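Q: I would like to learn how to read helix packing and strand pairing in a model of this kind. Could we go through a few features one at a time?

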Amino acid sequence: MAFTKESVEEIASLHGEPDWLRTRRREAWEVYERIGLPDRSEEEWRRVDFKGLDLETFAAFEPANGAAPGLPIEGAAGVLRQRGSQPGQVELEEELRRKGVIFMPLSQAAKEHPELVRDRLFSEVKADRDKFAAAHAALFSGGTLLYVPDNVEIERPILGQYWSSGGGAAILPHTLIVAGRNARFNYLDEFLSPSLDEPAFTSGSAEIFVGEGAAVGYVSLQKWGRHAYQFANQRAHIAKDGSARIFNVTLGGRFAKVRCEANLQGHGASAELKGVYFASGDQFFDFHTLQDHQTGDTTSDLLFKGALEDTARVVYAGLIRIEKGAAHSDAYQANRNLVLSDHAKATSIPMLEIDNNDVRCTHGATVGPVDPMSLWYLESRGIPTATATRMIVQGFFGEVVDRIPFEQARHLVEEELEARLG
Amino acid sequence: MAVAPKINVGDDYKEKYGFFDPEKFVFKAKRGLTDEIIQEISWMKGEPEWMTKLRLKSHAIFLKKKLPTWGADLSVIDFDNIFYFLKSTEKQGTTWDEVPEDIKRTFDKLGIPEAERKFLAGVSAQYESEVVYHSLHQKLTDQGVVFTDTDTALREHPDLFKEYFGTIIPPADNKFAALNTAVWSGGSFIYVPKGVHVDIPLQAYFRINAENMGQFERTLIICDEGSFVHYIEGCTAPIYTTDSLHSAVVEIIVKRNARCRYTTIQNWSTNVYNLVTKRAVVYADATMEWVDGNLGSQITMKYPSVYLMEPGAKGDVLSVAFAGKGQHQDAGGKMIHVAPNTTSTITSKSISKGGGRTSYRGHVKVYPGANHCKSFVKCDALLLDDESRSDTYPYNDVDAENVTLGHEATVSKVSDEQLFYLMSRGITLNEAETMIVNGFIEPFTKELPLEYAVELNRLIQLEMEGSVG
């Protein structure tokens with residue numbers, strides 16, 4: 001079953017979705033049919049090579065398959081596990097349920113809580129952004145709604161875990177997070193497909209609505225298999241005095257094109273966008289970030305750090321936009337690339353568009369090898385070159401890994417990086 | 001030889017530093033561009049056949065190429081409403097006395113001739129589309145330095161000319177390079193022989209002085225091995241009511257161990273579209289320095305670039321942009337590291353005020369095999385009010401090993417503490433701001449010859465007047 005209008009209908013029926021959502025899928029499908037693949041003459045796609053990706057070859061749906069590659073992190077307050085394209089199974093602490101926390105597959109939420117889903121779904125991550133976003137909106141499968149009511153604080157993290165093992169299909173989970181006033185919690189999305197041996201078309205998109213005074217930590221850990229093509233859009237809408245800490249970890253996939261965006265809508269809103277990537281083999285990663293200061297007294301802080309090995313290629317392009325009325329905004333943006341091989345290629349494009357003078361905006365980008373002075377110092381202390389290099393790379397990542405909002409995710413990322421460093 | 005009419009300087013120079021001289025032309029081409037006009041231009045200049053052919057070929061490329069889709073909006077340029085060639089006097093002035101009075105007066109307003117006489121060896125002053133005045137110090141001639149206008153160079157140094165012309169920036173490079181190659185007129189041609197150090201800056205002044213007239217000068221500089229030259233290009237232009245196009249091409253070859261510095265202070269009137277392609281290729285252990293100041297024009301799109309072709313080559317861009325009301329300065333630099341062990345720096349300082357917009361746009365590219373390169377880019381932007389805008393678009397591409405590349409940028413307003421300090425010393429707000437702005441661009445100013453630094457400070461002062469509302 002390739003991508004067809006029928007597959008859109010079938011997915012809607014499978015999940016028993018309400019009519020409004022079915023209509024929305026159809027609209028997205030129309031967009032998908034209408035617009036062509038992004039043109040490489042467009043700036044955002046100039047460096048993106050998705051040759052070898054043929055959307056026609058993927059099935060629109062993957063039945064539940066395989067076994068979970070690992071247990072979820074310990075001490076989670078709630079877990080949603082999704083296999084293939086089917087809606088996930090949920091465990092949530094009873095106490096949170098009593099407090100009004102809603103955590104369920106998106107299709108179920110569309111039926112039971114349309115007031116939470118209807119106006120928000122695909123309002124930040126729009127279907128008409130490009131053909132891949134349209135495919136995602138038309139064919140998204142499973143996915144999650146997490147709603148945390150006003151003034152509810154959740155100590156332990158909530159986890160969404162998505163895996164696929166077959167390949168050959170589109171795996172398009174969508175996470176919708178709604179934080180009420182002064183709500184506080186952390187959330188981890190884990191995307192796994194360790195045994196994927198055929199190409200897959202994947203996403204890992206998220207829309208995060210941060211209410212007034214709320215504080216949300218969101219970590220996305222992408223470990224799709226090495227044959228996956230990932231197109232994901234992660235975007236937070238942040239109201240007055242709200243704060244979002246978004247942490248993107250990109251490790252898997254043959255190809256990953258990720259947008260990570262903060263839409264600072266209310267006075268006093270703040271966003272922290274952090275990213276870690278490790279590209280090896282012939283992996284290609286492309287990150288586009290946006291810190292959109294729509295209003296004044298907002299702050300944003302971005303740091304994307306990554307290492308490149310073998311013939312990997314990484315593109316980072318980030319934009320700080322300060323709108324006209326956004327006085328007293330403070331924005332920072334940095335991208336650091338550690339190039340560990342002769343044939344890896346890094347492109348870094350940190351951009352600023354500043355329309356207000358009463359602001360502080362700084363950015364920086366670096367591309368470079370392991371610092372020979374640091375290496376020399378460690379070697380002079382009797383540490384072998386390989387170990388010394390490894391220590392330096394660990395230190396390089398340490399600066400940003402330390403900023404992961406909660407401990408469980410931090411450990412998980414540390415383990416993954418350890419494994420990659422070998 | 002034209003006779004200069006009496007001009008009431010006070011009335012005519014109505015704008016701050018804008019100039020206007022009555023139009024008085026020997027030949028005036030028709031508006032718009034056709035193959036016939038190009039053939040006519042080439043015929044009038046008595047050019048060899050290869051140049052006529054190149055012009056026609058470039059015209060075809062120009063018609064085919066699209067306008068850039070990024071940067072400023074250029075769709076308003078009406079290519080059919082532009083004069084592509086004008087000739088102001090039939091004969092070239094050879095001494096200062098022979099230069100028409102009104103042209104001299106235009107120079108006088110800038111306060112340049114005095115300094116010029118003291119400091120400078122040769123002046124190649126472009127008035128309208130062709131060089132009218134040119135004098136070269138005997139010493140330079142003795143050294144074998146060729147400093148002439150580009151038209152003369154084609155006649156007198158045909159072999160040297162043909163060897164390099166259009167090799168650094170081929171007509172197919174971009175739409176405006178194609179246009180320039182089709183209709184170029186004037187500009188400077190410099191050849192510095194092996195080991196020769198030209199110890200005084202060579203200068204040329206450019207003017208646009210006819211309504212709706214495009215100016216397409218073409219400059220070619222060849223620094224032979226171990227030589228040095230500093231070329232200064234400064235522009236001011238009269239104020240007119242309709243848009244004018246300035247589209248120059250500058251090609252520079254810096255051979256082994258040589259060093260070339262190219263300084264520009266661009267102060268076109270604020271109706272000019274300034275779309276310039278500047279590029280240098282630099283060989284082993286040689287250095288190219290672009291010192292590029294953009295104050296005038298309505299829209300400038302200019303990114304001086306350096307191709308670092310052999311190990312040890314070094315490139316430097318120092319760029320300053322000032323955008324006032326209605327202006328968009330889209331400037332920056334490009335460093336293309338083709339060979340290993342090459343280094344480059346780009347320093348950009350931009351100031352926006354009164355709704356003006358400055359954009360830094362730069363590209364640092366390190367090709368495969370160009371190992372052990374170092375590049376550093378620093379951009380600072382100052383926003384003087386909340387109507388203005390500043391953008392930074394740096395592209396950094398690294399495709400080689402052991403490359404160290406850094407980029408930093410800041411955008412800020414004039415700091416309240418600095419203003420408070422200065423004002424507490426009895427300095428007015430306007431003066432204080434001017435001082436801060438002058439301090440901000442000081443890394444640029446200090447690279448200029450004294451008389452230019454003075455002129456620049458004066459221009460900034462004029463720009464800043466009334467900026468506090």
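A: Let us begin with axes, which are lines fitted to C-alpha atoms, for helices over the stretch in contact, with angles running from 0 to 180 degrees between N-to-C directions. The model is predicted, and local features need pLDDT of at least 70, side-chain atom pairs count only at pLDDT 80 or more, while totals for chains, interfaces and linings use all residues. Residues are numbered from 1 along each chain as its sequence is written, and chains are lettered from A and ligands numbered from 1 in the order in which they are written.

Q: At what angle do helix H7 and helix H8 of chain A pack?
A: Two packed helices are described by the angle between their axes and the distance between the axes. Here H7(A) (residues 372-380) and H8(A) (residues 385-401) pack at about 130°, with their axes 9 Å apart; helices (H or I, at least four residues) and strands (E, at least two) are DSSP runs, numbered from the N terminus. H7(A) and H8(A) are therefore oblique to each other, given that angles under 35 degrees count as roughly parallel, over 145 as roughly antiparallel, 65 to 115 as roughly perpendicular and the rest as oblique.

Q: Which residues of H7(A) and H8(A) make the contact?
A: Ser374(A), Leu375(A), Leu378(A) and Glu379(A) of H7(A) meet Thr385(A), Ala388(A), Thr389(A), Met391(A) and Ile392(A) of H8(A), where contact requires C-beta atoms, placed from the backbone, to lie within 7 Å.

Q: How do the axes of H11(B) and H13(B) cross?
A: The axes of H11(B) (residues 429-440) and H13(B) (residues 450-464) come within 10 Å and cross at roughly 140°, and the two helices are therefore oblique to each other.

Q: Turning to strands, which way do the residues of S14(A) point?
A: In a regular strand the side chains alternate between the two faces of the sheet. In S14(A), Phe255(A), Lys257(A), Arg259(A), Glu261(A) and Asn263(A) point one way, and Ala256(A), Val258(A), Cys260(A), Ala262(A) and Leu264(A) the other way. Of the 10 residues of S14(A) (residues 255-264), 10 are buried (20 or more other C-beta atoms within 10 Å of a residue's own, C-beta atoms being placed from the backbone; 12 or fewer is exposed, in between partly exposed), so the strand is largely enclosed by the rest of the structure.

Q: Which strands pair with S14(A)?
A: Strands pair if DSSP finds at least two bridges between them. S12(A) (residues 228-238) runs parallel to S14(A), joined by 10 bridges, and Gln230(A) stands opposite Ala256(A). S14(A) also pairs with S16(A) (residues 284-293) in the parallel sense over 10 bridges, and there Ala256(A) stands opposite Phe285(A).

Methods:
Two residues are in contact if their C-beta atoms, placed from the backbone, lie within 7 Å.
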